[in-house]
Every structure is written in structure tokens, then in C-alpha cells.
Amino acid sequence: MNPLLEVKQLKVHFPVRLKSQFRPAYVRAVDGIDFTIYKGETFGLVGESGCGKTTTGKAIVKLVEPSAGRIFYDGKDIARPMKRAERKELARNVQFIFQDPFSSLDPRLTVGKIVEEPLIIHGLGDAEERRKTVAKLLTDVGLSADRAQSFPHEFSGGQRQRIGVARALALNPSLIVCDEPVSALDVSVQAQILNLMKTLQDSYNLSYLFISHNLAVVKHLCDRIAVMYLGKIVELAGKQSLFEKPSHPYAEALLAAIPLPDPEALMHDEPLEGDMPSPIKPPPGCPFHTRCKYAFARCRIDEPQLLPLDGDADHLVACHLCHPDTGTIHKIKK
Amino acid sequence: MTFQAVWKRFKRRKTSLIALFILLFIFAVALVGPFFTKYEPTEMALKNKYAPVSLDNPLGTDQLGRDTLTRLIYGSRVSLSIAFAGVLSGCFVGVLLGVLAGYFGSWVDSLISRLIDVLLAFPGLLLAIAIVAILGNGVLNTMIAVAIFCVPSMARIVRGIVISLKNQEFVQACQVMGASTGRILFRHVLTNAMSMIIVTVTLDLGSSILTASALSFLGLGVMPPNPEWGAMLNAGKEVMRSYPLGVLAPGLAITIVVISFSLVGDGLRDALDPRLKNLKIGESQ
Amino acid sequence: MKPILKVENLTTSFQGEEGRVTAVRNLSFELHKGETLAVVGESGCGKSVTALSILNLIPNPPGKIDNGCIWFEDRDLTRLRKRDMRKVRGNQIAMIFQEPMTSLNPVFTVGRQVMDSLIIHQNMTKKKAHAAAVSLLTSVGIPEPELTVDRYPHQLSGGMRQRAMIAMALACRPDILIADEPTTALDVTIQAQILNLLRNLHDEMNMSILLITHDMGVVAQLADHVLVMYAGEAVEYRKSKELFKSPHHPYTEGLLKSIPSLTEDHLVLYNIPGSVPPIHAEIEGCRFADRCSYAQPYCREHKPELEGDRESKVRCHFALNVT
């Protein structure tokens with residue numbers, strides 16, 4: 001398999017001014033992550049709010065500037081500052097689907113104009129060709145082409161998200177970064193959009209970077225999944241492997257925290273106490289040690305590296321407990 | 001949002017609708033009125049001074065025997081053109097500064113915002129007086145004073161709108177598409193800010209008629225014998241006892257126009273405000 | 001057993017751009033002592049309007065309760081004077097909202113806001129109320145309650161704010177707690193904490209909870225009974241365990257089947273085609289017929305009623321899984 005996108009030691013730090021300090025502090029939104037997306041796959045990025053998953057997605061489409069690290073698309077570094085022509089070239093290959101189906105469409109443009117806009121920006125086709133392309137895109141996402149003259153407010157949330165998908169598809173990209181594309185939608189509609197995304201993946205030859213807080217959705221759609229916590233990837237594995245054998249204590253807790261739609265399967269214990277620490281002053285050592293019930297002395301000083309679990313190069317975990325070279329202490333399963 | 005939809009909502013507020021018709025009537029008078037008057041605005045007839053209300057002089061004549069209705073009609077041209085030219089040019093600059101400050105942020109924003117702060121620190125009329133005092137009086141300089149008077153408030157309003165629009169996802173979506181800054185600003189940011197700009201311009205029109213008249217009344221703006229409403233007030237106040245219409249007529253004209261602009265502005269705000277328009281019913285999310 | 005809260009034929013409507021729209025249509029249900037009843041449905045189904053109607057908090061205008069009674073302690077809440085309603089609100093019926101940041105007043109300390117209802121409703125002295133506030137914050141699991149009592153809402157995390165809200169709501173030991181999407185704005189691990197807390201408090205205080213949510217997972221974790229709403233109407237009322245096992249209404253079935261599963265793998269997710277009819281649409285037959293895979297021509301012409309016994313009701317001509 002060929003790597004389509006490689007992220008290497010990506011860091012995004014935002015300056016914030018604290019009242020008590022003269023020098024600006026930094027929010028370490030993304031703090032050194034590595035992953036690779038292969039052609040045709042769906043790569044999931046999960047975690048709770050503030051873990052840096054959205055920032056990672058935005059850095060890939062250059063909506064935020066990386067502070068350090070590299071991002072290679074098809075072998076070319078796209079993390080450095082770019083000229084407009086390069087930026088446009090990137091836009092034809094990598095697109096973005098936003099979370100909010102309401103604020104992501106310009107309320108004053110018709111749906112036809114919204115979907116046509118990327119074609120105009122890139123000077124693709126004349127007016128008649130563009131009209132045809134728009135009609136095809138709208139049909140492909142399950143809307144009728146004669147609604148091109150309607151305004152976004154005439155559509156429901158799910159239909160608006162379809163319009164957002166059509167706009168992202170207009171330039172025929174290879175990779176689409178999807179930032180929580182279904183979290184603002186009702187369940188029944190969510191299922192429609194997820195199915196649509198799967199269908200389009202085949203017909204348009206797409207790879208997805210799918211960002212979500214919802215593990216069930218990620219499990220349904222993704223081939224490989226990275227779990228993020230406090231700006232770091234704590235576990236990265238294939239879907240089967242991750243859900244059968246979640247090895248990082250955080251991934252385990254995250255899975256246990258999901259309320260199952262089954263009254264027979266009641267949760268009895270709080271899977272995790274406390275809150276995520278501030279990304280302005282992340283704790284030393286393992287970022288998760290403040291909430292981890294297995295934490296021991298080394299976790300508080302020494303930051304664990306993302307290493308293969310039991311020699312399996314496709315299942316990476318950043319936890320001292322999972323790596324036998326840490327010696328003395330082994331993870332005690334309940 | 002289509003014109004029809006806005007008009008439909010605007011019509012609901014009767015006071016604004018009446019105000020709009022009054023304004024349209026006054027515009028029409030200013031435009032074609034001078035073709036129908038019997039006199040010239042500066043034509044003196046000393047034998048006929050203080051003439052009472054009659055068919056020849058519907059509003060009487062002043063201390064120099066000039067026909068007050070004629071002067072009022074010509075005066076509306078002067079007052080309205082000062083207001084329109086001043087406000088439109090001032091708001092153009094204000095929008096430009098606001099967009100630059102809001103969209104680019106950082107040092108551009110700091111620079112422009114401080115400038116706005118300085119301008120806003122002066123009371124409005126005092127600022128206008130200061131400008132006219134520096135530039136000298138006359139119609140053109142009054143326009144400039146009115147223009148500068150409009151800049152800071154417009155710039156501040158537009159800056160706020162642009163900052164909130166800039167973070168909307170549809171603007172980010174354009175960036176992801178590789179759109180140029182100009183396209184984003186003109187096609188998405190400005191069009192979405194337009195309704196607020198239109199409302200502000202309408203409200204500014206009212207207040208700048210007041211400012212221009214005040215300047216002229218103080219003898220700083222348009223100079224006599226030019227028939228500007230404020231200048232007419234000034235001239236009329238000397239002989240208020242013997243010829244009260246000389247004050248009442250321009251005074252009422254100013255009042256009616258200012259109130260009408262403000263009512264139309266309020267009506268437009270309600271008609272254009274998307275928040276009131278899309279009143280969400282059902283879930284309180 | 002007499003229900004603690006009984007809603008009868010509640011109809012609530014709002015004045016919209018194009019005439020009045022009915023958000024809740026002819027809704028009836030009962031809430032018993034110590035029971036947790038979940039009202040589930042998707043956005044626009046009228047579940048939040050139901051909650052606000054009970055507390056008489058519908059903004060009027062544009063909203064209005066057109067019809068129906070809400071019986072609480074032999075009084076009809078819809079006909080209560082404002083003064084009497086205020087005594088009920090926060091004291092006997094309390095509410096927690098989805099967004100703890102906007103529902104707490106940012107200029108007062110958390111403690112002050114918890115104390116307020118104690119001082120108003122229970123005539124406590126300030127000192128006593130302060131002590132009570134500290135113990136309330138302890139009971140909802142806020143660490144360092146003596147310090148937190150003097151903190152402002154923005155100094156707390158989302159989960160802590162929601163705990164503070166719950167403490168406020170529970171201050172007067174209400175008979176009924178209305179929880180409107182109490183965990184929707186929270187992360188999963190925090191949601192698990194709050195669900196756990198609600199369950200424990202419910203057991204401890206034996207209060208009735210009216211849980212408004214769209215999340216079937218949350219329903220399964222907390223509810224004894226479930227009322228499913230669709231487009232302003234109740235379509236199914238069942239015991240939670242039975243509902244999840246064998247839904248009667250096609251909409252409930254669709255809702256359950258469209259949730260991506262953590263335990264099974266599906267290539268294609270089941271989904272309900274189309275979208276909810278616009279709120280102002282007047283539909284002759286069944287309001288769900290257009291999206292229902294079991295719909296017959298009969299369904300489009302004849303409106304089904306909510307029928308069944310006390311424990312199980314369904315609004316469908318061709319109810320599923322019924323023997």
C-alpha cells in the first residue's frame with residue numbers, strides 16, 4: 001500500500017496571553033504526533049474535546065499553521081508556508097467537511113452556487129459544463145439536481161451536510177478530512193450520511209481522515225484508528241485489534257464509558273475520574289497519568305513512546321505498562 | 001434572502017412604512033420641486049417681506065422677502081446631498097477600515113482600532129466643528145466633516161461583524177478551496193455584512209442631517225444666503241417673533257426627515273436581521 | 001398508584017412566520033413516584049417544549065399552551081398563578097439543562113447560586129444555606145467543595161459545571177427532576193460520570209426523573225419507562241427493557257437500528273429514509289408514514305391513535321412484534 005499522507009512529529013501550539021504572565025503561554029493543542037494514511041483507507045482520529053484532533057485536521061488543510069513537524073502529501077511537504085498556486089494545487093487533492101451543517105454554508109448563496117464555487121475558483125469548465133457537474137454532484141450525494149436554486153435554509157440538517165459533501169467532492173480530491181461530520185445530526189440521519197460516505201469512497205476513490213468523538217461511528221467507518229489524548233496519540237491500531245484489545249488505559253476507559261443502547265448492559269463504575277488537564281501546562285511524563293488507575297512512579301516522570309504492542313507493528317501503544325522492557329510491573333486486568 | 005422577503009417583513013411595521021413614504025416624498029420634492037417653484041431661492045423682494053401665508057407664498061416670506069417654501073425646497077437639495085455624499089463616502093472608508101481590521105487582525109487591527117478609538121473619543125458634534133474649523137466652511141467641507149463623523153462608528157461595527165464572520169465555517173471552507181483573499185472578502189464576508197451596513201447607513205443619514213444642520217446653525221457649515229435648513233433656522237431665529245414660520249418650517253423639516261430615517265433604519269434592521277427571521281421553534285438547542 | 005405528574009392532552013404551539021405551528025400535539029403521559037421516564041426523539045420532535053410546558057416556561061409570545069392539563073399534587077400547573085408557579089419551580093420540580101455554561105449565571109459564585117433557592121424556598125439563613133451548599137456540592141462529587149463554593153462558573157470544567165447545576169437543582173430535594181439533555185454537551189468519559197451520579201442520586205433521594213434526550217444509550221442506562229416522540233406526537237410508551245428488546249413502532253425500531261453498534265459489524269447501516277416532516281405540515285394520516293418501510297395506503301389516510309394498556313402504548317395501525 002502506498003502512503004498518501006504522512007504526518008511526522010506535527011506540533012501546533014497556539015499562543016495565549018494569561019493575565020498573570022507577561023510572556024504569552026502556549027496551548028499545546030497538538031504536541032508531536034506521527035501517523036500515515038494509505039491510499040483508499042479511512043483513518044479515524046478519536047478523542048474527547050480538547051485532545052487536538054480537529055486541530056490536526058485543520059493543519060492538514062492549512063487552516064492552522066503547524067508550529068513544527070512535517071506533513072507529506074504524495075511525498076511533498078505541505079506543512080511549510082506555501083504560495084497561492086501551491087495552495088490551490090493542494091486544495092484539488094485534499095478537501096474538508098465541516099462539523100456544523102448550518103454555519104458551513106454561506107446563507108446568501110444558492111446551493112448551486114455553493115457547490116459551483118470551487119469549480120470557479122479553479123477555473124474548471126465553462127458555465128454550461130459547471131452546471132452539469134453541479135447537477136451530477138448533487139445527484140451523487142442524494143439530492144435532486146433541480147434544487148440547485150434553493151437556499152441552504154430551505155434544507156434540513158442532513159441535507160445540508162450532503163451539500164457540504166458535494167462541495168468537497170467538486171474538485172475530485174483524493175483525501176477528504178471529515179471533522180465530526182455527523183455529530184450535529186440526528187441518529188437516523190447520521191446513518192444516511194455514513195452510508196453515503198461509504199458509497200462515495202468507492203465511486204470517487206477517496207481516502208478519509210475521519211475525526212470524531214464517537215467511537216461507535218469510527219468503528220463503523222474506519223480501517224485504522226488513532227486515539228488522541230492531550231495532543232498526543234496514545235494508541236494507534238487497526239479497527240479489529242483496537243476494539244478487541246484496547247491496550248492503553250485511556251482507550252480502554254473511553255470504550256467502557258460509552259452507554260450501550262441496551263438496558264441489560266448497565267455500566268456500574270465510573271470508568272474514569274477527573275478531567276483532562278489543561279493543554280497549557282500538560283503534566284510531565286505520561287499525559288494520562290493524572291487520571292490513570294494503573295499509574296506508577298515512572299509514568300510521572302518518563303513520557304512513554306508510541307511503540308509496537310507485543311512486536312505487532314500495526315498496533316502501537318504509548319504506555320509503560322504495555323512494553324515489557326519496563327520490567328517489573330505488569331498491567332493487572334480486572 | 002430575496003428583496004421580496006425583506007419587503008414583506010418591512011411592510012409589517014406600519015410606522016417604518018409611513019416614514020419610508022415620507023422620505024420618498026421628500027426625495028421627490030428635492031429632485032423635481034425646483035422645476036415648479038415661482039421664485040429663485042435667493043431672490044429678494046424687500047417690498048414683500050414678512051408676507052403672510054398666501055397662495056403666492058404658501059409659507060410666507062422672510063425678512064428679506066424671500067419665499068420660504070422655495071428656500072425650503074432648494075434647502076432639501078443641499079441638506080440631503082450633504083447627508084448622502086457625506087455618509088456614503090464616510091461609510092465607504094469606514095467599511096474599508098473595518099474589513100481590513102477585522103479580517104487581517106494583528107498589527108493592522110491594532111493600528112486601525114486605535115485610530116477609531118481616537119475619533120470616537122471626541123463627542124460627534126465637537127469633532128465636526130473641529131474639522132470645519134480647520135478646513136473652513138462651505139458645502140464641500142461640511143460634507144467632509146459629515147464623512148469623517150461617520151467613519152469610526154461604521155468601522156467599528158463592520159470590524160465586529162467581519163471578525164465573527166471570519167470564524168464561520170463557510171469562510172474557512174473557501175480557504176480550503178484555495179480561494180483568494182479578495183474573493184473571500186467580497187463574495188462572502190461583505191455580502192453577509194451588507195444588511196448591517198445598510199441599516200447603519202440609514203441611521204447615519206438621519207444623524208448627519210442633524211449634524212450638518214447644527215454646523216450651519218452655528219454659522220460653521222453652509223453659509224447664507226445658501227438655503228440650507230440649518231442656515232435657514234439661524235437666519236430665522238433673529239426674527240422669530242415677527243415671523244415664526246421662518247423657524248418652524250426648517251425646524252419641522254429637519255425633525256421629520258431625521259425621525260423618518262431613524263424609523264426606516266429600525267424597520268430595516270428588523271426586516272434584515274436573520275436572527276429574528278429564523279426564529280427557531282421546537283427544540284431549545 | 002397515583003402518578004406524581006400527569007400530563008393530559010398537552011398541545012403547545014408557537015407563532016411562526018407563516019402562521020401558528022404546533023410543537024407538541026395532544027400529548028398525555030404519567031410520571032410515578034421514584035420512576036425515571038425518558039422522553040426520546042430527534043430534534044424538532046417536541047421533547048424540550050414538553051419539558052418547558054410542564055414548568056410553564058414557554059416564552060409567550062410566541063409560544064402558548066393551547067390545550068391540556070398538567071396535574072401535579074391535585075393542581076393543574078397550566079392554570080397556576082405566576083406566584084404559585086414560582087413556588088413549584090426549583091422547589092418541587094427542578095430542571096437541569098443541556099449547556100451548563102449558559103445556564104449558570106457567570107457573575108455569581110457557584111455557592112451563591114446553590115444557596116439562592118435554599119434561601120428563597122426554604123427560608124434558610126445565609127449561614128445555614130452556605131453549609132447546606134457545601135454538603136450538596138460534596139454529594140454531587142465536586143472535589144474540594146469548601147473552595148469550589150466560592151468559585152465562579154468559568155473556573156470550573158464542563159463536567160464540574162454540570163455537577164454544580166445538579167447540586168442547584170437538588171438543593172430543595174425536589175419531587176421531580178427534569179433533565180433536558182443533561183449529558184449532550186459533555187465528553188463520553190464525563191458523561192459516564194454524570195450518568196452514574198444521576199443514578200446514584202435517584203436511588204438515594206427516591207425522586208422522579210423526567211429525562212429528555214436523543215441518545216438511546218443514555219436512555220438505556222437510566223430509564224425505567226420510555227416515551228418515544230416523533231414530529232410532536234407520542235408514538236410509543238413502553239418499559240425500557242421491553243422497548244429495546246422488541247420495539248412496537250416502526251420509528252422506534254428504525255431509531256434503534258440506525259445506531260452504529262460497538263458490538264457487531266455491519267457493512268451498511270440501517271437508516272430511516274427522508275427527514276422529519278416540517279413542523280407546520282398538517283398530515284392527514286400517520287405522521288411517520290412517508291418514511292416508514294411498513295406503510296400501507298391505509299396509513300396515509302387514517303390517523304392512528306396512541307393505543308394500548310397502562311404499561312404499553314403504541315401509535316401504529318400495524319404495530320410490530322405484537323402477538
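**Exercise 1. Salt bridges in the model**

Over all chains, the structure holds 34 salt bridges, a salt bridge being a side-chain nitrogen of Lys or Arg within 4 Å of a carboxyl oxygen of Asp or Glu. This is a predicted model, in which local features need pLDDT of at least 70 and side-chain atom pairs count only at pLDDT 80 or more, whereas totals for chains, interfaces and linings use all residues. Residues are numbered from 1 along each chain as its sequence is written, chains are lettered from A and ligands numbered from 1 in the order in which they are written, and side-chain values use heavy atoms, with hydrogens and water left out.

Task: Find the distance between the closest N and O atoms of A:Asp140 and A:Lys136, and say which helix holds these residues.

Solution. Step 1: Side chains of opposite charge can pair when their charged atoms come close. Step 2: For A:Asp140 and A:Lys136, the closest N and O atoms are 2.8 Å apart, and the two residues form a salt bridge. Step 3: Both residues lie in helix H4 (residues 127-140) of chain A, where they stand 4 residues apart, about one turn of the helix; helices (H or I, at least four residues) and strands (E, at least two) are DSSP runs, numbered from the N terminus.

**Exercise 2. Buried or partly exposed?**

Task: Decide whether A:Arg70 and A:Asp77 are buried or partly exposed.

Solution. Step 1: Recall that buried means under 20% relative accessible area and exposed over 50%, with partly exposed in between (1.4 Å probe, protein chains only). Step 2: A:Arg70 has a relative accessible area of 48%, so this residue is partly exposed. Step 3: A:Asp77 has a relative accessibility of 16% and therefore counts as buried. Step 4: The side chains of these two residues, A:Arg70 and A:Asp77, meet in a salt bridge with an N to O distance of 3.9 Å.

**Exercise 3. The contact of chain C and chain A**

Task: Describe how many residues each chain gives to the contact, how much area is buried, and which element of chain C gives the largest share.

Solution. Step 1: Counting contact as heavy atoms within 4.5 Å, we find 45 residues from chain C and 43 residues from chain A. Step 2: The two chains bury about 3600 Å² between them, 55% of it on carbon and sulfur atoms, where buried area is the accessible area (1.4 Å probe) that two parts lose on being put together, summed over both. Step 3: The elements that give two or more residues to the side of chain C that touches chain A are helices H7 (158-170), H8 (188-205), H9 (216-222) and H10 (240-245) of chain C. Step 4: The largest share of that side, 9 residues, comes from H8(C). Step 5: Across this interface of chain C and chain A, the rule finds 0 salt bridges.

**Exercise 4. The surroundings of C:Ile119**

Task: Say where C:Ile119 is found and which residues C:Ile119 touches, not counting those up to four places away in sequence.

Solution. Step 1: C:Ile119 is found in helix H4 (residues 110-122) of chain C. Step 2: With a relative accessible area of 29%, C:Ile119 is partly exposed. Step 3: Once residues up to four places away in sequence are set aside, C:Ile119 touches C:Met124, C:Lys126 and C:Ala129. Step 4: C:His130 is 11 residues from C:Ile119 in sequence, and the two are 9.8 Å apart in space, C-alpha to C-alpha.
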